[in-house]
Amino acid sequence: MTQELRRVAIVGSARIPFCRAYTGYENETNLSMLSAAIGGLADKYGLKGERVGEVMAGAVISHSKDFNLAREALLDAGLSPFTPGTTMQIACGTSLQAALTLGAKIATGEIDSGIAAGSDTVSDSPVVLGPKMQKRMIALSRARTTGEKFAAFKGFNFGEITPIAPSTQEPRTGLSMGEHCELMAKEWGLSREEQDEVALRSHHNAARAYEEGFHDDLLVPCAGIVKDNNVRPDTSLEKMATMKPAFDKRSGKGTLTAANSTPLTDGAASVLLASEDWAKERGLPILAYLTMGAVSANDFAHGDGLLMAPTIAVSDLLRRAGIGFSDIDLFELHEAFAAQVLCSLRAWEDPEYNRTVLDRDEPLGHIPVDKINVNGSSLAYGHPFAATGARILGMTAKLLNIKEKNRALISVCTAGGMGVTALVER
């Protein structure tokens, strides 16, 4: 028996303010922040004590104790204990991928509602010891006699207790995301000035959104924080020009700086999705609809740009939808780095790239700058890895609603050479 797919409504979102690492949330955890974001969503839409079809959430930097983060967070947030929680992770695309997965379940009738969310904290990064010390600790935990306990430390040296710092290096290349993006910037011939201009526009757009009250009903206070602390309304190209290269410090040709790259950030975000009937029965708003998604990957370990996979996902998504850039009113392009956005824009306009990578006879084309990240994006708000997708999806749905636009495209690059994209429509 075939069943007609249901529309997936985006009811709304809630997030805690994003903070630069080691500032406002030094005493918070992924669990406490995620619980605050989901709890705020529950308060906003009358879900306390209610059963939701499923909560799907995750974190990129996590402790072993966070093995069932989504389930524990929904319980702490006050949802019904009969609500299942699924923890997932696809790097920076985590909460957008969660939304797409829940959307598919809603569309097919498996569930009627779902919350997609994500949380990340650099301030509470796990401290990991080397393999020798780990094995000693396991042996110590299994020791039954004093002799066995002493034997666990036979041959011990103090170098073994040196912690292994958390790293953003790609396991297959040994390069950080920033170093990879620097290579992309060189490949596509990006100047430092044009990257700084993207960052400046993001900060100014975000500051204007705050002034207009856009974030008033989206933010949930947490640990006494009521506002994102990375937005810089007073920044300028002159100030940005004083920053030194952050990833290529030796060649004299580095263009990525702390000003045009996202800072390490702590935060959490959540989005409520539902069938139309479920939302209407509860008198809840429908801001927009999540209509389609695509996930892609490339061979970054053998020359493809690490953060270029979203160009493929966007192309695949538009081909499947039978539309082009001219059919889209708003573009929400995650700003991991200003260079990533610019490389993507150039790639979509480049005939050779379209032909050899995207399998297109004609380039996807140009995107007007006034349609891109109109209320700012990650360069301004910050980027708590797993939370960014939910932050963008919630903002996009609200933007389409208040601006009375018809269609928006979301694109998120991730570590591991992948991209997650989505189409949102009114």
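Tutor: Buried means under 20% relative accessible area, exposed over 50%, and partly exposed in between (1.4 Å probe, protein chains only). The model is predicted, so local features need pLDDT of at least 70 and side-chain atom pairs pLDDT 80 or more, while totals for chains, interfaces and linings use all residues. Numbering starts from 1 along each chain as its sequence is written, and side-chain values use heavy atoms, without hydrogens and water.

The structure holds 18 salt bridges (a side-chain nitrogen of Lys or Arg within 4 Å of a carboxyl oxygen of Asp or Glu). One of them joins lysine 239 to aspartate 234, with 3.8 Å between the closest N and O atoms. Lysine 239 is partly exposed at 43%, and aspartate 234 is exposed at 53%. Aspartate 43 and lysine 48 form another salt bridge, at 3.1 Å from N to O. Here aspartate 43 is exposed at 52%, whereas lysine 48 is partly exposed at 41%.

Aspartate 228 and arginine 15 also pair, with their closest N and O atoms 2.8 Å apart. This pair links distant parts of the chain, 213 residues apart: aspartate 228 lies in the loop between helix H7 (192-211) and helix H8 (237-240), and arginine 15 in strand S1 (residues 8-15). Helices (H or I, at least four residues) and strands (E, at least two) are DSSP runs numbered from the N terminus. Both partners are buried: aspartate 228 has a relative accessible area of 5%, and arginine 15 has 4%.

Finally, a network of salt bridges links Glu54, Lys105 and Glu110.
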